[in-house]
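Please view the sequence and the structure below, then read on.

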Amino acid sequence: MTALTYILGAVGLKVLRQRLGRLGYWGLVTAISTTLFAVQAKPLAIAFFSLSVLMGVFSELEELHLSFSLSAFFTLLLNALIGAGAVALWVSRIGPKWTTMVQSSMESL
């Protein structure tokens, strides 16, 4: 995640958002995330999409002239809710064996 943040960090994504506009930015980050996911770089796709959503939503709220702290709060809240929803979806797809999967992956570390 550190390398991703360094290379495609907030500054770069914010510049992309300003230059491409709303539709261009969301289209590009969705295409990049989908491509990364399709070439089996799933952790990178998820990390990139999460960072892109974070910066995109923050930029959208800034355009509505909300304060920095209010924009940051709602952006982090939305990102946390998306993450929690993704975990809930994963748990529902895996079923009751999700705990053993987590334990075995933790033991392999």
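## A residue in a loop

Gln40 is exposed, with a relative accessible area of 59%; exposed means over 50%, buried under 20% and partly exposed in between, with a 1.4 Å probe and protein chains only. Gln40 lies in the loop between α2 (10-38) and α3 (42-63). Gln40 is not a glycine, yet it has a positive phi of about 65°. Most residues other than glycine have a negative phi.

## Basis of the model

The model is predicted: local features need pLDDT of at least 70, side-chain atom pairs count only at pLDDT 80 or more, and totals for chains, interfaces and linings use all residues. Residues are numbered from 1 along each chain as its sequence is written, and side-chain values use heavy atoms, with hydrogens and water left out.

## Overall architecture

The protein has five helices and zero strands, and along the sequence the pattern reads α-α-α-α-α. Both kinds of element are DSSP runs, numbered from the N terminus: helices are H or I with at least four residues, and strands are E with at least two. The C-alpha atoms fill a box of roughly 45 × 30 × 25 Å, taken along the principal axes.

Of the 109 residues in the protein, 23% are buried. The protein exposes about 7,700 Å², and carbon and sulfur atoms supply 73% of this area; accessible areas come from the Shrake-Rupley method with a 1.4 Å probe, and for residues only the protein chains shown count as cover. Contact means heavy atoms within 4.5 Å. Among contacts between residues at least 6 apart in sequence, 51% join residues at least 24 apart.

The protein has 7 positive and 4 negative charges, and their mean positions are 8 Å apart. Lys and Arg count as positive and Asp and Glu as negative, while His and the chain ends are not counted. Each charge is placed at NZ of Lys, CZ of Arg, CG of Asp or CD of Glu.

Helix α3 has 22 residues and reaches 31 Å from its first C-alpha to its last, close to the 32 Å expected at 1.5 Å a residue. The expected span is 1.5 Å times one less than the number of residues in the helix.

His65 counts as exposed because its relative accessible area is 73%.

## Residues of helix α2

Ser33 is found in helix α2 and counts as buried because its relative accessible area is 7%. Leaving aside neighbours within four places in sequence, Ser33 is in contact with Ala45, Phe48 and Phe49. Leu36 also has its place in helix α2. Not counting residues up to four places away in sequence, Leu36 touches Ala41, Lys42, Leu44, Ala45 and Phe48. The C-alpha atoms of Leu36 and Ser59 are 24 Å apart in space, and these residues are 23 apart in sequence.

Leu23 lies in helix α2 and is exposed, with a relative accessible area of 76%. Its C-alpha atom is separated by 24 Å from that of Lys42, 19 residues apart along the chain. Gly12, in helix α2, is partly exposed at a relative accessible area of 37%. Gly12 and Met55 are 43 residues apart in sequence and 9.8 Å apart in space, C-alpha to C-alpha.

## Aromatic pairs

A pair of aromatic rings is described by the distance of the centres and the angle of the planes. Rings of Phe, Tyr and Trp (its six-membered ring) pair if their centres lie within 6.5 Å; planes under 30 degrees apart count as stacked, over 60 as edge-to-face and the rest as tilted. By this rule there are three aromatic pairs. One of them joins Tyr25 and Trp26 edge-to-face, at 5.2 Å centre to centre and with 80° between the planes. Tyr25 counts as buried because its relative accessibility is 0%, whereas Trp26 is partly exposed, with a relative accessible area of 23%.

Phe73 and Phe74 also form an edge-to-face pair, at 5.2 Å centre to centre and with 70° between the planes. Phe73 is partly exposed at 48% relative accessibility, and Phe74 is partly exposed with a relative accessible area of 38%.
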